[in-house]
Amino acid sequence: MGSQGGFYQSKEFLDLVKSIGEARSKAEEDRIVLGEIETLKRRISEPDIPKRKMKEYIIRLVYVEMLGHDASFGYIHAVKMTHDNSLLVKRTGYLAVTLFLNEDHDLIILIVNTIQKDLTSDNYLVVCAALNAVCKLINEETIPAVLPLVVELLAHPKEAVRKKAIMALHRFYQKSPSSVSHLLSNFRKRLCDNDPGVMGATLCPLFELITIDVNSYKDLVMSFVSILKQVAERRLPKAYDYHQMPAPFIQIKLLKILALLGSGDKQASENMYAVVGDIFKKCDSSSNIGNAVLYECICCVSTIYSNPKLLEFAADAISRFLKSDSHNLKYMGIDALGRLIKISPEIAEQHQLAVIDCLEDPDDTLKRKTLELLYKMTKSTNVEVIVDRMIDYMININDNHYKTEIASRCVELAEQFAPSNQWFIQTMNKVFMHAGDLVNTKVAHNLMRLIAEGFGEDDDTDSQLRSSAVESYLHILGESKLPSVFLQVICWVLGEYGTADGKYSASYITGKLCDVAEAYSSDETVKAYAVTALTKIYAFEIAAGRKVDMLPECQSLMEEFLASHSTDLQQRAYELQAVIGLDAHAVESIMPSDANCEDIEVDKNLSFLTGYIQDSIENGAQPYIPENERSGMLKISNFRNQDHHETSAHSLRFEAYELPKQTVQSRIPLTSLASTEIVPVPEPIYVREIYQTTTVPSASSDAGSTELKLRLDGVQKKWGRQTHSPATSTSSSTSQKTDNGITQVDGSNTSNSRTLETYDSRKQQVEITPEKQKLAASLFGGSSKSEKKPATGHKISKPSSHIVERSHVRKSSLEIASEKKASIQPPPDLLDFGEPTVNSAAPSVDPFKELEGLLEPTTQVDSAENHGSTAAATKSPDIMGLYTETPAGIYNKDDSDILSGLSNPPVRNMLGGTRSMQVAQSSKGRNLKNSLEKDALVRQMGVTPSSPNPNLFKDLLG
Amino acid sequence: MIHFVLLISRQGKVRLTKWYLPYSQKERTKVIRELGGVILSRGPKLCNFVDWRGFKVVYKRYASLYFCMCIDQDDNELEVLEIIHHFVEILDRYFGSVCELDLIFNFHKAYYILDELLLAGELQESSKKTVARLIAAQVFCLMEPCCFSGFTFQ
């Protein structure tokens, strides 16, 4: 475009874009943008701006906002533009509002009316523009205002409108399922639309609906299968072909839907086998899109009721992915492997070396994917290697999000498969030390629970676990800086079990605890844990009838805490003081030893308060009004409930809210009570306050959650022994105990020697280092390479005969498949774009190679770095770097228009340098005229080729 | 679902952003900075996918311009890579050998095209011809001197 016509904006705007393009630093860019904002602020509020001018201002606002600055002062003008009658202006207005406003913006209410009007317009382009805006801007509250209009548009004569109406309905469904629940049948109807585009768009909402409720759509299985069959047989118009594949995007969506429908349903799955198998055969695995469809086929096969033949196809495709040189394909292969091993675990062994290569690959993304695969195939035999690997990786990354995730995976695996207590404790120590405070507090509480409850085998092993924990923690305390969560665990364990086995004296343990409290004096939670641990140690001593001598440092610490600003610490210190003053009998009853696993019943009805309330009411207090009967109150913690409530109400409320009622008096006695006795009060506002003042050292951070009741799982008890309430069912699966004594005989352990041999012979020539073999052996049950070492022997327990058979079948089908593939000739180019100089599609080119070819060599100076430095001089290496990209080296040889990127002779001449001259002369651009025009134009505008980045002129599609 | 589309130049300059889920201006800036750092520093032979905050970002480099799309964990990365390519092909037809400069000066037109391709974070149209026809119709109606050399009506 721009090439022939021009850019149709004022000089001013072009100058702005240009100066920003030439800005050498973020600061300079910001300065220019701020100047522009000032100009716009002034101009935009002038009276009687011509529409054309206004349109440009709005586009400039979009530009400013795109660069990360606030353009909210102009939003209202964009809104006004949508009211305009001219399509050109209206379209710009809609574009701007969809970019500016989120669905919860106040201005949206001003657009709804316009949208309503435009949805009924005679001009389908106006309707389309309005539908685009509907998808972005309409929120739960405004859905009813446009819903009937959108539904009407489902029958619009123009397919573009029907398609957008479908997408809009889909969006409504996502935002508020109840609002469109009566309209879902429309999606089914549109599935039979004459236009493939509408049908394709309908698959999006259907996919989502089926995800939520599979059973209501089982009747559509045959329809989907038949559509997929038709697509695969190229029955759709050729316009839907993409890189020689028939409508691949539609195929992928359909395969996703079939996977959902066929999951665990034998009958439905049987209907799909033929078509999925057919697609497996038809997919062109040399193109990227072909592989995308293949991958989706694998996903489908691994989800539906399994079929041996299809599994073979899938396994075959996976091995092709893994053997590929492309990192993308390896990544997909690893992912697909992770899906397939759930059904046929033996497949992983064939690829063990490929998996290990990926694990050691410098590409971080690939490595993570591989760790994910390992996580999925962990069993008791390889847990040690895998968790070690994961921890090693965890230590070396900075990405907190992923660190948290991998830490919790490590913990999960360790809890499930730990081979020994020793190992378990050590692993947990490593995780805590390296992931630090990123570890979820829940994980810490689980660990404490696990140590307290043991693995549940016998008391001996449990006490062994505790002693080894105590021992390792005492050792670790010597380390310089430990994360807070870990210290809490350590303090708790030392308090409970420090003196339990009699190995360490009370004074030794208390000394250590005092050290912790002193060393981490800024962390009140840790200090609180330490004090409580001290209390426990002394209590046990008193109960055992020994004389208690408080260490001098402990005494000084207590004095400090008794005067602490933290009421929590103070309270704990007083408790300690009180306990020390008691006799053995009294201590025995308030702190019985080893009672931390006992359940504590919580009286959620607070029946013990009934008498008190009765008295208060008799004395004239207001009775308590339950939350749901109150209205207009400030509801801090139940916003979600309220939102939900409004959803069902379905309409905008224009009347004012009621004034809050005076219910405060009735609650005052409750709070004062709460602060002394800490009673769970079913009143969200005050629950919050209580949490704040007492700083419960635990997972109390979610105190502001939406639940009204006090959450007690995982939270420390405030009175009696420090314990945790029993796990509720939701508090995670980690409470389950594993028989770690029994080696789990897994299907994947029974390695199939036949398959291995064939694999081996294939791979023989590749040299494999002993370390890798060893790693493979430990990961995959010891069967790497051709060596038949005893390690393999003991793990092959029962080579089941059917697997052997299967491997035969597999081999033969492999041959058939390869023969067939050879016979299928690639069909002629189906891209019918009508341009005589079709070249960018480059059908003969492997898009993957193309993709690699587009990337410049790493040796090139990263101009992002020298961007901030001085101008042309520093830029020159970058420019030279660009031209050193010799076509043959970087681009795929099949690519006929590789040189188009260099098809700007005038520019290059200006840039100077004999070398670039040569290149320019030898190049023949694929669209020289265009490029020339474009170049002339931009230079007219003052964008000279000396601008810092000659790449700007380079064709994106090389 | 596609959460957002970003076009960043190799210098880290933003060329186009489209957000399909609500992100505040502050979050947007942060996302762009974070992702720019990750993606621009990746070597050429590595995967075109990046793990990011529990989502996946698929990116592809064309000349000096990076096209990035953020997707859900269970989406098909290769497919998204092709959606990007599909978009670039359409841009190429529209601008006639599109280069970064076209997008810099005509970012609003790139937005119009993107609106015909993606809607509400999903691919709404996979036929280049249909997209081309719709854009041509708009250009025609808008009476803006057109630039549709590559598109023909058949």
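The structure is a predicted model, in which local features need pLDDT of at least 70 and side-chain atom pairs count only at pLDDT 80 or more, while totals for chains, interfaces and linings use all residues. Residues are numbered from 1 along each chain as its sequence is written, chains are lettered from A and ligands numbered from 1 in the order in which they are written, and side-chain values use heavy atoms, with hydrogens and water left out.

Of the 958 residues in chain A, 54% are buried, where buried means under 20% relative accessible area, exposed means over 50%, and partly exposed lies in between (1.4 Å probe, protein chains only). Chain A exposes about 42,500 Å², and carbon and sulfur atoms supply 53% of that area; accessible areas come from the Shrake-Rupley method with a 1.4 Å probe, and for residues only the protein chains shown count as cover. Contacts (heavy atoms within 4.5 Å) also say something about the fold: among those in chain A between residues at least 6 apart in sequence, 68% join residues at least 24 apart.

Six of its eight residues are buried, so the helix is largely enclosed by the rest of the structure. The buried residues are Tyr75(A), His77(A), Ala78(A), Val79(A), Met81(A) and Thr82(A). They pack against α3 (26-44), α4 (51-66), α6 (87-100) and α7 (108-119) of chain A.

Charged side chains come next. Over all chains, the whole structure holds 43 salt bridges, a salt bridge being a side-chain nitrogen of Lys or Arg within 4 Å of a carboxyl oxygen of Asp or Glu. In one of them, Arg60(A) meets Glu12(A) with an N to O distance of 2.9 Å. This pair links distant parts of the chain, with Arg60(A) in helix α4 and Glu12(A) in helix α2 (residues 11-22), 48 residues apart. Arg60(A) is buried at 1% relative accessibility, whereas Glu12(A) is partly exposed at 31%. Both belong to a network of salt bridges that also links Glu36(A), Arg43(A) and Glu56(A).

Another salt bridge joins Lys175(A) to Glu103(A), their closest N and O atoms being 3.0 Å apart. Lys175(A) lies in helix α10 (residues 159-175) and Glu103(A) in the loop between α6 and α7 of chain A, so the pair ties together parts that are 72 residues apart in sequence. Lys175(A) is buried, with a relative accessible area of 13%, and Glu103(A) is partly exposed at 24%. In chain B, Asp115(B) forms a salt bridge with Lys18(B), at 3.1 Å between the closest N and O atoms. Here helix α4 (residues 107-117) of chain B supplies Asp115(B) and strand β2 (residues 14-19) supplies Lys18(B), 97 residues away. Asp115(B) is buried at 5% relative accessibility, and Lys18(B) is buried with a relative accessible area of 5%.

Glu296(A), in helix α17 (residues 288-303) of chain A, presents another case. This residue is buried yet has no salt bridge, the nearest side chain of opposite charge being Lys256(A), 4.4 Å away; Lys and Arg count as positive and Asp and Glu as negative, while His and the chain ends are not counted. Across to chain B, the side chain of Glu296(A) makes a polar contact of 2.8 Å with the side chain of Asn76(B). A polar contact is a pair of N or O atoms within 3.5 Å; within protein, one must be able to donate a hydrogen and the other to accept it, and residues adjacent in sequence count only if both atoms are side-chain atoms. Leaving aside neighbours within four places in sequence, Glu296(A) is in contact with Ile252(A), Leu255(A), Lys256(A) and Asn76(B).

Two loop residues complete the picture. Most residues other than glycine have a negative phi. Gln244(A), however, has a positive phi near 70° and lies in the loop between α14 (221-232) and α15 (248-262) of chain A. Arg53(B) likewise has a positive phi, near 50°, in the loop between β3 (49-52) and β4 (55-62) of chain B.

How values were computed
Helices (H or I, at least four residues) and strands (E, at least two) are DSSP runs, numbered from the N terminus.
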